[in-house]
Amino acid sequence: MTNAPSGGKGKKVTKKQASRFRYKWLKVIYGKMDDLEAKLRKLDFLLTMLDYKLSALENLIMAKRENVTIYSPTYVHDTAEIGEGTKIGAFCDIGRNVKIGKNCNIQCHVTISNGCKIGNNVFIGPNTSLLNDKYPVSKKLSPVIIEDNAVIGGGVIILPNVKIGKGAVVGAGSVVTRDVPPNTVVCGNPARKICEWEEYANKKSKKKN
Ligand SMILES: CC(C)(COP(=O)(O)OP(=O)(O)OC[C@H]1O[C@@H](n2cnc3c(N)ncnc32)[C@H](O)[C@@H]1OP(=O)(O)O)[C@@H](O)C(=O)NCCC(=O)NCCS
């Protein structure tokens, strides 16, 4: 016999009854906890969706104000500046204090790390990353700079602190480890010069004709 809870009437309860009582209530409590957990998970999902919608809305407002086009979902940090006429594809990540000039075309899945600077009329192909931290994780960032009219192919990785000169071209899939002089075409891993801008422009115009 035991003095376990008895409904408050002072009635003696057996150990078996007490453990049944405990089991019953634990089952109820665990059931409620499962319900609560499921509800919290649902709430978390709804909050994520809301966050996504808000960021899409922010992009839309910015686009209306600045005449830029940002396809959703793309994350643009509040402090990023984007010039008039620029288009940014979906699934891009535009970090803190990034500056992008006018009339740029940034295709989908591009990562532009915090502090990187991009001039006017720059093209960046899909899946390209501009990095900013040579020895991660550190607090000293060394962002990439891309000057006006540069063309960066798809799937390119530009290492921290690299400057891509005016009108330079970087071939698809390159890993750029050093500065690229203006009007130079580079490609490969590590990226090396293959020709001058004039040759690229010639081939481009022949392709058009
Ligand atoms: C860089 C690029 C403009 C060079 O074009 P090109 O001048 O016609 O070059 P070629 O095809 O004549 O190739 C010249 C040499 O460079 C090499 N090469 C060309 N592009 C390369 C690249 N992206 N990576 C590594 N090597 C490359 C070629 O293999 C060739 O080497 P070889 O002489 O030993 O055979 C072009 O290859 C490129 O990458 N364009 C970007 C495409 C892109 O990303 N578009 C994004 C929008 S969809």
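Author: By class, the shell around the ligand consists of seven nonpolar, seven polar and one charged residues. Here Ala, Val, Leu, Ile, Met, Phe, Trp, Tyr, Cys and Pro count as nonpolar, Asp, Glu, Lys and Arg as charged, and the others, Gly among them, as polar. The model is a predicted one, in which local features need pLDDT of at least 70 and side-chain atom pairs count only at pLDDT 80 or more, while totals for chains, interfaces and linings use all residues. Residues are numbered from 1 along each chain as its sequence is written.

In total, 15 residues surround the ligand, and the closest are G125, G153, G171, A172 and C187; a residue is counted if its C-beta atom, placed from the backbone, lies within 6 Å of the molecule. At least two residues of the shell come from each of β18 (184-187), β19 (192-196) and α2 (197-208). Helices (H or I, at least four residues) and strands (E, at least two) are DSSP runs, numbered from the N terminus.

The strands β18 and β19 run antiparallel and are joined by four bridges; two strands pair if DSSP finds at least two bridges between them. Within this pair, C187 stands opposite R192 in β19. The two strands form a hairpin with four residues between them, and G188 in the turn has a positive phi of about 100 degrees. Strand β18 also pairs with β16 (residues 169-170), in the parallel sense and over two bridges. There, V185 in β18 is the bridge partner of V169.

Leaving aside neighbours within four places in sequence, I164 is in contact (C-beta atoms, placed from the backbone, within 7 Å) with I146, E147, A150, I158, V170 and V180. I164 is also the bridge partner, in β15, of I146. The strands β12 (residues 145-146) and β15 pair in the parallel sense over two bridges.

Note on methods. Contact = placed C-beta atoms within 7 Å.
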